[in-house]
Amino acid sequence: MGVDRFGSLEGRTILYTGAAGGLGLETTLEMLRSGAKVVAIDNDANKVAALLQAATGLPGLTVAKLDLADLTGLRAGLQKLSAEVGGFDVVINNAAIYPSKPFEDYSIEEMQLVQRINVDAGIVCVQVALPHMKATKRGRIINISSVTISGGWSDLTPYVQSKMALVGLTRSWAREFGKHGITVNAVAPGAFPTDAEKIHPDLPAYEKRIYEAQALQRRGAPADIANILMFLASDAASFITGQTIHVDGGWYMH
């Protein structure tokens, strides 16, 4: 991937939720290879085991199984981790849940759970990381949104709501934290072949829809997301903030 062209992440400590699965693993490995320390938050035992195996021989990885739905426990766990590693220089809010069913079938409790994990947990992560970022006059916050915010999706209301909320937080935080040298951006991945696609009952029809929507006629790869996250976390992106960058093969254009 050529991480040098993005700027080194050596010496940076990165808090990364959902770091072991889907699109997270490739980025975690690249960040470790670039000399960063990564505090990976994930509670999927199988994915964590795969991450630990893949990272064999790469120093700097800490894995913590924290429940993102338990905001009080999450805050306490992150504060302990922050003290142990000397603060977080980069926060990547990536973890999410994505139930799928008609809007009228969701209970308010189900809606609130998606918001709590996909958005509120990210707020806690930033609140814990912010004092260190302000003290060092440098920080990178990256929120993982979704191509679904562009519209055209049914049965995903709480997920889309949460991913659009992250865009709002991105813009608000970018404005508020800019005076401290902190950048805040969002990345909106398109349709990548991960476990998330299992919510679609007709996968061949779903993939056909993807190719019809994209300008580029290939499926996205984890490295496509790793590239943009490495860039945004580095000093090379120090003058970019408040933006939502779509990595979707030309699906959504604006």
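## Thr17 in strand β1

Thr17 is part of strand β1, which covers residues 13-17; helices (H or I, at least four residues) and strands (E, at least two) are DSSP runs, numbered from the N terminus. The model is predicted: local features need pLDDT of at least 70, side-chain atom pairs count only at pLDDT 80 or more, and totals for chains, interfaces and linings use all residues. Residues are numbered from 1 along each chain as its sequence is written, and side-chain values use heavy atoms, with hydrogens and water left out.

Thr17 counts as buried because its relative accessibility is 5%; buried means under 20% relative accessible area, exposed over 50%, and partly exposed in between (1.4 Å probe, protein chains only). Leaving aside neighbours within four places in sequence, Thr17 is in contact with Ile41, Leu68, Ile92, Asn93, Asn94, Ala95 and Cys125, where contact means heavy atoms within 4.5 Å. A polar atom of the Thr17 side chain lies 3.0 Å from the backbone nitrogen of Ala95.

## Aromatic pairs

Rings of Phe, Tyr and Trp (its six-membered ring) pair if their centres lie within 6.5 Å; planes under 30 degrees apart count as stacked, over 60 as edge-to-face and the rest as tilted. By this rule there are 4 aromatic pairs. Trp173 and Phe177 form a stacked pair, 6.2 Å centre to centre with 15 degrees between the planes. Both residues lie in helix α5 (residues 157-177), 4 residues apart, which is about one turn of the helix. Trp173 is buried, and Phe177 is buried too.

Trp153, Tyr206 and Trp251 form one aromatic cluster. The face of Trp153 also has Arg209 over it, at 4.2 Å from the ring centre. A charge sits over a ring if NZ of Lys or CZ of Arg is within 6 Å of the ring centre and within 35 degrees of the ring normal.

## Positive phi outside glycine

Lys137 is not a glycine, yet it has a positive phi of about 60 degrees. This residue is placed in the loop between α4 (108-136) and β5 (139-144). Lys137 counts as exposed because its relative accessibility is 53%.

Asp155 is not a glycine either, and its phi is positive at about 70 degrees. The loop that holds Asp155 runs between β5 and α5. With a relative accessibility of 32%, Asp155 counts as partly exposed.

How values were computed: Polar contact = N/O pair within 3.5 Å; in protein donor to acceptor, adjacent residues only side chain to side chain.
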